[in-house]
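This briefing is for a reader meeting the structure for the first time.

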Amino acid sequence: MVQRRPSPSRRRKRSAARPPQPPRALEISGLPMPLELRESARATRMTLRVDPGRGLVQVVVPVGVSETDARQFVGRHDGWLRARLAAMPPSLPFADGASVPYLGVEHVIRHDPALRGATRIEDGALLVGGQPEHIARRIRDFLTAEAKRELAARARLKAATIGARVAAVTIRDTKSRWGSCSSTGRLSFSWRLILTPEPVLDYVVGHEVAHLREMNHSSRFWALCASLTDGTGVEWPRAWLKANGTRLLRYG
């Protein structure tokens, strides 16, 4: 992510600026990915980052920065931006014949319009019926339901071992974190964890359940997290997510 701090005169001008406008497209020709301009009342500098989950480049600016300034900022970092875009994994749509990992094991999507019943896994394949235009939605709905079932069951089992209670488990498509824990005991996870190897999913569950007792990242937290993670400990799953997280966001 690239950042640039504005000059003091510009910061003074924006202190009494209007409320932030809604995010909008920023037109710059020649880039292989669309840009989104977002104003933020909390921003003190311009930032530029690639959002692989949404398939766009986001330019965040303090309120009052002009589109001209934003375009110039992007232009000054053209080389950095193109290098990041070139290194980004390709889009991995859910389509007939595509390969999708389920708990880290690759499964091929097989579409049969005559298939009766719900989307399911059989003999190493993801079987999906209905019309072709609904394949992606049906596969995503199936994976989201599987993630809810797997993550909720593991969370409640792990919580019971430390005498804690999970108030609720929700499944979302978060782009910046794989899981979260609220002070009221509500856990939230990304459905994309169902794509990861089983030890990675298990680690994220253990991490969030540990927050039911330790709402911090102290040494006590990490010791508890390790005790709640089966087999591989915490270092390998964390390294796997760091290396593969961007690719996970490209599915669907």
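Four of the five residues of strand β12 (residues 186-190) are buried, so this strand is largely enclosed by the rest of the structure. The model is a predicted one. Its secondary structure comes to seven helices and 12 strands.

**Strand β12 and its partners**

- Strand β10 (residues 168-172) runs parallel to β12, and five bridges join the two.
- Within this pairing, R172 of the chain stands opposite S190 in β12.
- Strand β11 (residues 179-181) also pairs with β12, in the antiparallel sense and over three bridges.
- Here the residue opposite F189 in β12 is G179.
- β11 and β12 form a hairpin with four residues between the strands, and in it G185 takes a positive phi near 90°.

**The four-stranded sheet**

- Four strands, in the order β6-β7-β9-β8, form an open sheet with mixed pairing.
- Its edge strands are β6 (99-102) and β8 (120-122), each of which pairs on one side only.
- On average, neighbouring strands of this sheet are turned by 40° against each other, direction ignored.
- β8 and strand β9 (residues 125-128) run antiparallel and are joined by three bridges.
- E122 has A125 in β9 as its bridge partner.
- Helix α4 (residues 135-161) lies across β6, β7 (105-111), β8 and β9, and runs at about 120° to β9.

**Loops next to the sheet strands**

- The loop between β6 and β7 holds L103.
- L103 has a phi near 50°, which is a positive value in a residue other than glycine.
- D123 is found in the loop between β8 and β9.
- The phi of D123 is also positive, at about 50°, although D123 is not a glycine.
- Is D123 buried or exposed? With a relative accessibility of 81%, D123 counts as exposed.

- S99 is found in strand β6.
- The relative accessible area of S99 is 37%, so S99 is partly exposed.
- Not counting residues up to four places away in sequence, S99 touches E106, H107, V108 and Y251.
- With one of these, E106, S99 makes a polar contact of 2.5 Å between side chains.
- S99 and R154 are 55 residues apart along the chain, and their C-alpha atoms are separated by 26 Å.

**Helices α5 and α7**

- Helix α5 (residues 198-210) and helix α7 (residues 235-248) have axes that come within 9 Å and cross at roughly 105°.
- On the α5 side, the contact is made by P199, V200, Y203 and V204.
- On the α7 side, W236, P237, R238, W240 and L241 make the contact.
- Which kinds of residue make up the contact of α5 with α7? The residues divide into eight nonpolar, no polar and one charged.

**D202 in helix α5**

- D202 has its place in helix α5.
- Its relative accessibility is 1%, so D202 counts as buried, the cut-off being under 20%.
- Leaving aside neighbours within four places in sequence, D202 is in contact with R154, K158, L228, T229 and D230.
- The side chain of D202 makes a polar contact with the side chain of K158, at 3.1 Å.

**The chain as a whole**

- The protein has 252 residues, of which 46% count as buried.
- Taken along the principal axes, the C-alpha atoms fill a box of roughly 60 × 50 × 30 Å.
- Among contacts between residues at least 6 apart in sequence, 51% join residues at least 24 apart.

Terms used. Residues are numbered from 1 along each chain as its sequence is written. This is a predicted model: local features need pLDDT of at least 70, side-chain atom pairs count only at pLDDT 80 or more; totals for chains, interfaces and linings use all residues. Side-chain values use heavy atoms; hydrogens and water are left out. Two strands pair if DSSP finds at least two bridges between them. Axes are lines fitted to C-alpha atoms, for helices over the stretch in contact, and angles run from 0 to 180 degrees between N-to-C directions. Contact means heavy atoms within 4.5 Å. Ala, Val, Leu, Ile, Met, Phe, Trp, Tyr, Cys and Pro count as nonpolar, Asp, Glu, Lys and Arg as charged, and the others, Gly among them, as polar. Buried means under 20% relative accessible area, exposed over 50%, partly exposed in between (1.4 Å probe, protein chains only). A polar contact is a pair of N or O atoms within 3.5 Å; within protein, one must be able to donate a hydrogen and the other to accept it, and residues adjacent in sequence count only if both atoms are side-chain atoms.
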